[in-house]
Amino acid sequence: GLYVQGEDIVQSDPDTHHVTRGLEAMECIVVQDLFLNETANYAHVFLPGSTFLEKDGTFTNAERRIQRVHKVMAPRNGGMADWEITVALARALGAPMEYAHPSEIMDEVARLTPTFRGVSYEKLDALGSIQWPCNDDAPLGTPIMHVGGFVRGQGRFVTTEYIPTEERSNRKFPLLLTTGRILSQYNVGAQTRRTENSVWHEAVSYTHLRAHET
């Protein structure tokens, strides 16, 4: 089985045909999200997700920055945040998770993960954000890594063999397209495609086009 929370793997993972074949072969797929995304088409069970405005927790970005978020409104799906739904599901399956608040989940992460050993909600509330590693060696976090040397010994460099792409241009499909990011969309657009962003983007694109023409 597969439990997918807040991710649209049919759209975001490479080789869509491979992903969908795998999903079709599964006996049980649970999708928990804000919207009925493309992956939800393969779900046996769909659970309502909650937005960042509806829950306490943290986000960790590519800068290694752990950021605290605070609930500003009650979840509209019946009063349960994502972590509470996961806890309820675990209890129903006979594997109870005894958490009363997401801070307790972070405390467990800190106990089990050396690079998060010094992270807590109290410290996040005091500092605003923390960049891991955060432990006894760096109690306030690590804004810059690899100062004076690599964190991992002398570093690790690997030579990879060239693997040609299976996608080939031909008479029927003469172009190979590479997708990119645009300002009006975020990732696969599960949320932004449901807003007026597309109208704004079309207006801006038209304005730029007219400017180039003149």
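In the predicted model, helix H3 lies across strands S1, S2 and S3 and runs at about 165° to S1. The three strands form an open sheet in the order S1-S2-S3, with parallel pairing. S1 and S3 are the edge strands, each of them pairing on one side only. From one strand to the next, the twist averages 15°. The pairing of S1 with S2 is in the parallel sense and extends over four bridges; within it, Gln-5 has Gln-32 of S2 as its bridge partner.

Helix H3 comprises residues 82–92, of which Asp-82, Trp-83, Ile-85, Thr-86, Val-87 and Ala-90 are buried. In an α-helix there are 3.6 residues a turn, so residues three or four places apart point the same way. The buried positions of H3 include Trp-83, Thr-86, Val-87 and Ala-90. The elements that cover the buried residues of H3 include strand S1 (2–5), strand S2 (29–33) and strand S3 (45–48). Helix H4 (102–112) is also among the covering elements. Just after H3, Gly-94 adopts a positive phi of about 85°.

Backbone geometry was also examined in the loops. Most residues other than glycine have a negative phi, and most peptide bonds are trans. Arg-64, a residue other than glycine, has a positive phi, near 70°. This arginine is found in the loop between strand S4 (57–60) and strand S5 (65–69). Arg-64 has a relative accessibility of 13% and therefore counts as buried, the limit for this class being under 20%.

Two further features belong to the loop between strand S6 (129–131) and helix H6 (197–213), where Pro-133 is found. The peptide bond leading from Trp-132 to Pro-133 is cis, with omega near 5°. His-146 is found in the loop between S6 and H6 as well. Although His-146 is not a glycine, its phi is positive, at about 60°. With a relative accessible area of 46%, His-146 is partly exposed, whereas Arg-64 is buried.

Methods. Residues are numbered from 1 along each chain as its sequence is written. This is a predicted model: local features need pLDDT of at least 70, side-chain atom pairs count only at pLDDT 80 or more; totals for chains, interfaces and linings use all residues. Side-chain values use heavy atoms; hydrogens and water are left out. Buried means under 20% relative accessible area, exposed over 50%, partly exposed in between (1.4 Å probe, protein chains only). Helices (H or I, at least four residues) and strands (E, at least two) are DSSP runs, numbered from the N terminus. Contact means heavy atoms within 4.5 Å. Two strands pair if DSSP finds at least two bridges between them. Axes are lines fitted to C-alpha atoms, for helices over the stretch in contact, and angles run from 0 to 180 degrees between N-to-C directions.
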